[in-house]
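Hi,

Here is the structure I promised to pass along. Have a look at it first, and then read on for what turned up.

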Amino acid sequence: MDRHAARELLVHCFEQGLAAVDPEQAVAANLRNYPDDERIVVFAIGKAAPAMARGAAQALGRSELEGIAVSNHVDAIPSGMEMIMSAHPLPDERSVEAGNALLRLAASLTAADRAVVLISGGGSALVEVPIEGVSLEDLTRTNEALLRSGGDIGQINMIRRRLSLFKGGGLARAIAPAVVETLAISDVIGDDPATIASGPTVVGANDPGAAWDIVRTLGLEHSVPAPVRDALLTPPQPQTEPAVGRFSIVAGGSVAAHAAAAAAERRGF
């Protein structure tokens, strides 16, 4: 195989991998359709939020959707939804504004309503509501230290969950008593739902000391601000029950890899 043919093959496999995880089509193919008279509110969070919201409108067969999309770039969203531009890879004031807007919308839901939560990569920074006693500056300094530490995304997001009212099931608690359906595009190895965007609709393992153990493992005991240290060393308070519902991973790295491999196999490899 000459160089031109090799390049053409690689580009073809790459394009097939991307096509297999197209955000709009992944949601359109996996989101259930619900009765037209049911109130459905969409919470789209992440870099792929606009495309995932368009997929939801397609699946639901609705020309307008109620909800909010939070991303770090401008893209078309369904009519009726609000677009919030936010920050990545570090949270800032826009991230907190987005988090509070999503929690306010969640609080408007009743037991007769349904929430559709669409999650993709970048959600941990794009949306944030710090716990009491921890400031946005504290969170930013902690995130900077974590990103420099060499820790994996599972370790980093476990700490983020402990410092947030939105992550670690916080959005699901705000959505209750409505039911929730979550569709996620995974950008993490292993596809752990609690790690993708720090699991806003997923209550992860509740080991009070695990987050501080990670801080120590990464050698960050003296790098995190005192309020963060105090928060991680204090057992979390009992929380209200989260909304019940279904969680589905509709696309991810493994899906793209398998599609690229299949494309190569069809070329004789």
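Here's one to start with: does Ala197 count as buried or exposed? Ala197 counts as buried, because its relative accessibility is 9% and the cut-off for buried is under 20%. Bear in mind that this is a predicted model.

Ala197 sits in the loop between β5 and α9, and its phi is positive, about 55°, although Ala197 is not a glycine. Asp191 is placed in the loop between β5 and α9 as well. Asp191 also has a positive phi, near 55°, but Asp191 is partly exposed, with a relative accessible area of 25%. For background, most residues other than glycine have a negative phi, and most peptide bonds are trans.

The peptide bond from His88 to Pro89 is cis, with omega near 10°; Pro89 lies in the loop between β3 (79–85) and α4. Ala176 and Pro177 are also joined by a cis peptide bond, with omega about 15°, and Pro177 is in the loop between α8 and β5.

Now the overall picture. The chain has eleven helices and six strands. Its radius of gyration is 20 Å, close to the 18 Å that the globule rule gives for 269 residues, so the chain is as compact as a globular protein of that length. Of the 269 residues, 51% count as buried. If you take contacts between residues at least 6 apart in sequence, 80% of them join residues at least 24 apart. As for charge, there are 22 positive and 32 negative side chains, and the centres of the two sets lie 3 Å apart.

Then the inside. The largest nonpolar core has 29 residues, and those touching the most other members include Phe43, Val70 and Leu102. Elements that each supply at least two residues of this core include β1 (40–45), β2 (64–71) and α4 (93–107), with α4 giving the most, six residues. There is also a second, separate core of 26 residues, with Leu31, Val42, Ala57 and Ala69 among them.

Leaving aside neighbours within four places in sequence, Phe43 is in contact with residues including Ile68, Leu102, Leu105, Val117, Leu171 and Ile175.

Finally, Arg104 is found in helix α4 and is exposed, with a relative accessible area of 58%. The C-alpha atoms of Arg104 and Ala57 are separated by 22 Å, and the two residues are 47 apart along the chain.

Cheers

Note on methods
Residues are numbered from 1 along each chain as its sequence is written. This is a predicted model: local features need pLDDT of at least 70, side-chain atom pairs count only at pLDDT 80 or more; totals for chains, interfaces and linings use all residues. Side-chain values use heavy atoms; hydrogens and water are left out. Helices (H or I, at least four residues) and strands (E, at least two) are DSSP runs, numbered from the N terminus. The radius of gyration is taken over C-alpha atoms; the globule rule is 2.2 Å times the number of residues to the power 0.38. Buried means under 20% relative accessible area, exposed over 50%, partly exposed in between (1.4 Å probe, protein chains only). Contact means heavy atoms within 4.5 Å. Lys and Arg count as positive and Asp and Glu as negative; His and the chain ends are not counted. The place of a charge is taken as NZ of Lys, CZ of Arg, CG of Asp or CD of Glu. A nonpolar core is a set of buried Ala, Val, Leu, Ile, Met, Phe, Trp, Tyr and Cys residues joined through side-chain atoms within 4.5 Å.
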